[in-house]
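Subject: Structure handover and findings

Hello,

Here is the structure I said I would pass on.

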Amino acid sequence: MKPKNRGLKIAGIVCTLLVAASCISIYISYNVLTVTEYKLKNKKVQSPMRMLLVSDLHNHQFGDNNEELIKKMLDLQPDAIFMDGDMLNVDTADCSWLFQLIRSLSSEVPVYFAYGNHEIAYQEQHPELREQLTEAGAVVVEENYVDTTINGNAVRIGGFYDYAFSMTHPSTRQDTMDSEKYDFLDDFCSSDALKIMLSHRPDSFVFSDASSVWSIDYVLCGHNHGGQVILPFIGGLFGGDQGFLPEYASGIHQFTSMQMIITRGLSSNPEYLPRFNNPPEIVCLDFESY
């Protein structure tokens, strides 16, 4: 074989292997569920409790009627489940699958549901969404909260999608921010209970002074799909308001007055780029006392 022909053959083999590896990575990024565990120590926790965080399902199905997802979550034996937005798509024609998913989970464990941008847009055309989610068994938290007790621990669980800071002034105060939203956040922070806020967008709390103004134990987020494409040694490629190479696309982050935990999510709406090197993620939060 001539050297030129040999080089072309090797190049063809390499290209074929790269394409195959890429296809496998994309398949894994939509179909192979993973669990990421965090141990969270907090002085407000008197007895251990386990909660699961999921977001960004975007109509995707893991097995028939999401049986694989349901089994994976319930096998972890959680005390509560948080669905943190974009579980559906704005153009979803039939949400019955989502209501069935909630019914299957909420029959075993409390489910708390916060809105993402897709639920907010969807509800504009389908105002019955909140009632349907509630009838399916979810506790819907969107600019409201509930006080509950989990394994003997007092917990306040709320939801807030909007920006938690002033859009017109460098200091967030009642007179520089929408007063109703400010009052909700101020009221939410007033409790001595363990405070957990479901905020679909990390951007709602990472910009301006939000992370220092609001005293919240844990802010739980999704939205950025882990950066959609995860580059080796670099991280996520793109993330919402943060743009390219976002700092806050996944993982756990410590701020002045809160910890933020961001899930890569379970899937994604059709994008210019598919998820890549980015397996679907269930986040398992194990709360313990100091």
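The notes below go through the pockets, the cavity, the salt bridges and a few strands and helices.

The model is predicted, so local features need pLDDT of at least 70 and side-chain atom pairs count only at pLDDT 80 or more, while totals for chains, interfaces and linings use all residues. Residues are numbered from 1 along each chain as its sequence is written, and side-chain values use heavy atoms, with hydrogens and water left out.

Pockets

The search ran on a 1 Å grid over the protein atoms alone; a pocket is an open set of points with protein on both sides within 12 Å along at least five of seven lines, and a lining residue has an atom within 4 Å of a point. Grid points are joined across faces, edges and corners, and a volume is the space filled by probe spheres set on the points.

The largest pocket has a volume of about 380 Å³. It is lined by 22 residues, of which His225, Gln228, Phe238, Gly240 and Glu271 are the closest to its centre. Its lining divides into 6 nonpolar, 11 polar and 5 charged residues. Here Ala, Val, Leu, Ile, Met, Phe, Trp, Tyr, Cys and Pro count as nonpolar, Asp, Glu, Lys and Arg as charged, and the others, Gly among them, as polar.

The second largest pocket holds about 230 Å³ of space. Of its 16 lining residues, Lys41, Asn42, Asp217, Tyr218 and Gln259 are the closest to the centre. By class, that lining has 5 nonpolar, 6 polar and 5 charged residues. Strand β1 (residues 34–41) gives the most to it, with 3 residues. Strands (E, at least two residues) and helices (H or I, at least four) are DSSP runs, numbered from the N terminus.

A cavity is a set of points where a 1.4 Å probe fits but cannot get out. The count comes to 1 cavity of 30 Å³ or more. The largest cavity has about 40 Å³ of space, and its lining consists of Gln61, Asn65, Trp97, Gln100 and Leu101. In that lining, 2 residues are nonpolar, 3 are polar and none is charged.

Helix α3 covers residues 96–106, and its buried residues are Trp97, Leu98, Phe99, Leu101, Ile102 and Leu105. Buried means under 20% relative accessible area, exposed means over 50%, and partly exposed is in between (1.4 Å probe, protein chains only). The elements that cover these buried residues include α2 (67–75), β3 (80–83), β4 (111–113), α5 (129–136) and β5.

Salt bridges

A salt bridge is a side-chain nitrogen of Lys or Arg within 4 Å of a carboxyl oxygen of Asp or Glu. The whole structure has 10 of them.

Lysine 181 takes part in one with glutamate 143, where the closest N and O atoms are 2.8 Å apart. Lysine 181 lies in helix α6 (residues 179–188) and glutamate 143 in the loop between β5 (138–140) and β6 (144–150), so the pair ties together parts that are 38 residues apart in sequence. Lysine 181 is buried, at 19% relative accessible area, whereas glutamate 143 is partly exposed, at 30%.

Lysine 181 also meets aspartate 162 in a salt bridge, at 3.2 Å from N to O. This pair links distant parts of the chain, 19 residues apart, with aspartate 162 in the loop between β7 (153–159) and α6. Aspartate 162 is partly exposed, with a relative accessibility of 24%.

Aspartate 147 forms a salt bridge with arginine 156, with 2.7 Å between the closest N and O atoms. Arginine 156 is buried, with a relative accessible area of 8%. Elsewhere, a network of salt bridges links Lys39, Lys41 and Glu288.

Strands

β6 and β7 pair in the antiparallel sense over 7 bridges; two strands pair if DSSP finds at least two bridges between them. They form a hairpin with 2 residues between them, and asparagine 151 in the turn has a positive phi of about 50°. Threonine 148 stands opposite valine 155 in β7.

Valine 139 lies in strand β5 and is partly exposed, with a relative accessible area of 30%. Its C-alpha atom is 4.7 Å from that of tyrosine 112, which is 27 residues away along the chain. Leaving out residues up to four places away in sequence, valine 139 touches Val111, Tyr112, Phe113 and Val146, where contact means heavy atoms within 4.5 Å.

Regards
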